[in-house]
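The sequence and structure come first.

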Amino acid sequence: MSRAVVVGAGMTDFGPHDQPIEELFADAAFASIDDAGVSLGEIDAFYFGNALGGQAESDTHLAPKLATHIGLQGIPCQRFEDACATSSNAFKHAVQAVEAGIHDVALVGGAERCTPETGLGTGEMTKIFASAAHRQYEQPAGLTFPGVFALLTKRHMHEYGTTEAQLAEVAVKNHHHGQFNPHAHFGKDTTVEAVLDSPIVADPFHLMDCCPFSDGASAVVVVSSDLADNFAGEPVDVTGVGHRTDAIPLADKTSLSATQSARNAAQEAYEQAGIRAENVDFAEVHDCFTGAEVLAIEALGLFEDGSGGAATAEGRTYIDGELPVNPSGGLKSKGHPIGATGTAQIVELTKQLRGTADERQVEGAKTGIAHNLGGDAGTTVVTVMEERA
Ligand code: COA
């Protein structure tokens, strides 16, 4: 079995866009194709992530539509839908197909439009997002995603004494990183005071604890390592992809504060890569809300259970800290166009491991991980990528 490597990576700016989804995706796709130095004729499969197309775009057959739009007519195409973990799951399937020798060169990406440019505002989009919560038990109670993660975070605060100020430090750190990312939706600094003074959305979250609704697209080119030298793009090894699920109703989870799907996915990914959490140099994690980042860095084994809030407040997760988390700015600052988020994390890992992340470069980065969850972590995908040996 050969290894899968990423040879091309590209993304659009995240934030409001007035283009239709096919043009938005084409911008990211061609950025990754140009970066790889691959010709369209060499791409033999397309894996695509889009979560809300049916509801927000009235468009449910997007993979062949987008492939045709960029000149890839006729090749196998597949759309993935796994709430916010959508394009990470597409990436996993592309990696496995390349490793198995089924495809040599796969284009993988995601695109989503969530801002009012779709014609839908915060209320309507919140309702659409909430369709990833449990249909029978949670949606009728009015549980939306700020509420879901507020409940998980409240439990963490109850068990470990995590504070609102520590949560605010996650936002401050990610906005600090995001100012160095030209693609970020809200790439500007903030302060703990500004976060705590912003309006409450769902206790304990203020507006500035939340990621925004964003439009955007991202794409990567995955090839077999045997072929990597045929392309101009500097290859980065994919050494592990763990993918696990959990019960969706909060009431059925074994723990609210210890995210089971992330723990299991991380263990699977680390085992595949032959590494341990101690070997990770930096992480891109799913900080849809500040509390979600605290839960994630503990579930990944990067910090002990209960210590994630304090570690963040101590500055240990800054780009120049002992374990940089979300050097891209994360969902909080970079933005969160659902289906594009997973492959955007892979774009960041690729840049960091090539040493081309400019002002947000993590010095000496050799091993990076991406953690992308869907819904209330009913799905989590963890990817390990490493500088080419
Ligand atoms: N971070 C930083 N600034 C934000 C922001 C965010 N998440 N969301 C909005 N803003 C800014 C806007 O730019 C605007 O600034 P301005 O007054 O200077 O122009 C201001 O805050 C108000 O923006 P508005 O769009 O009116 O906010 P809203 O109340 O409609 O929506 C949230 C704000 C936080 C409620 C909304 O972004 C949200 O629900 N986010 C979570 C999305 C989600 O659940 N994703 C799924 C995760 S699993």
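Which element gives the most to the lining of the largest pocket? It is α5, with four residues.

## Basis of the values

The model is predicted, and local features need pLDDT of at least 70, side-chain atom pairs count only at pLDDT 80 or more, while totals for chains, interfaces and linings use all residues. Residues are numbered from 1 along each chain as its sequence is written, and side-chain values use heavy atoms, with hydrogens and water left out.

Helices (H or I, at least four residues) and strands (E, at least two) are DSSP runs numbered from the N terminus. In the residue classes, Ala, Val, Leu, Ile, Met, Phe, Trp, Tyr, Cys and Pro count as nonpolar, Asp, Glu, Lys and Arg as charged, and the others, Gly among them, as polar.

## The largest pocket

A pocket is an open set of points on a 1 Å grid over the protein atoms alone, with protein on both sides within 12 Å along at least five of seven lines; lining residues have an atom within 4 Å of a point. The largest pocket holds about 930 Å³ of space (grid points are joined across faces, edges and corners, and a volume is the space filled by probe spheres set on the points). Its lining has 46 residues, and F129, C211, F213, F289 and H336 are the closest to its centre. By class, the lining of the largest pocket has 25 nonpolar, 15 polar and six charged residues.

The ligand takes up the space of this largest pocket; a molecule sits in a pocket if more than half of its atoms lie within 2 Å of the grid points.

## The ligand shell

There are 15 residues around the ligand, of which T122, C210, C211, P212 and K332 come nearest; a residue is near if one of its heavy atoms lies within 4 Å. By class, the shell has 13 nonpolar residues, one polar and one charged. Helices α5 (122–129) and α6 (145–160) each supply at least two residues of the shell.

- A backbone N or O atom of C211 is 2.8 Å from a ligand nitrogen.
- For K332, an N or O atom in the side chain is 3.0 Å from a nitrogen atom of the ligand.
- For P212, a backbone N or O atom lies 3.2 Å from a ligand nitrogen.

The ligand taken alone exposes 930 Å², and the protein buries 63% of that (Shrake-Rupley method, 1.4 Å probe).

## Cavities

Rolling a probe the size of a water molecule over the atoms shows where empty space is left. The structure holds two cavities of 30 Å³ or more, a cavity being a set of points where a 1.4 Å probe fits but cannot get out. The largest cavity contains about 60 Å³ of space. Its lining consists of F149, L152, T259, A292, L295, A296, H371, L373 and A377. Helix α6, α10 (290–299) and β10 (367–374) each supply at least two of the lining residues, and α10 has the largest share, three residues. By class, this lining has seven nonpolar, two polar and no charged residues.

About 40 Å³ of space lies in the second largest cavity. Its lining includes L152 and T259, along with D246, K253, S255, L256, A258, Q260 and D376. The classes here are three nonpolar, three polar and three charged residues.

## Backbone geometry

The D203 to P204 peptide bond is cis, with omega near 15°. P204 is in the loop between β5 (200–202) and β6 (205–206).

D358 is not a glycine, yet has a positive phi of about 55°. The loop between α13 (341–354) and β10 contains D358.

Terms used. A polar contact is a pair of N or O atoms within 3.5 Å; within protein, one must be able to donate a hydrogen and the other to accept it, and residues adjacent in sequence count only if both atoms are side-chain atoms.
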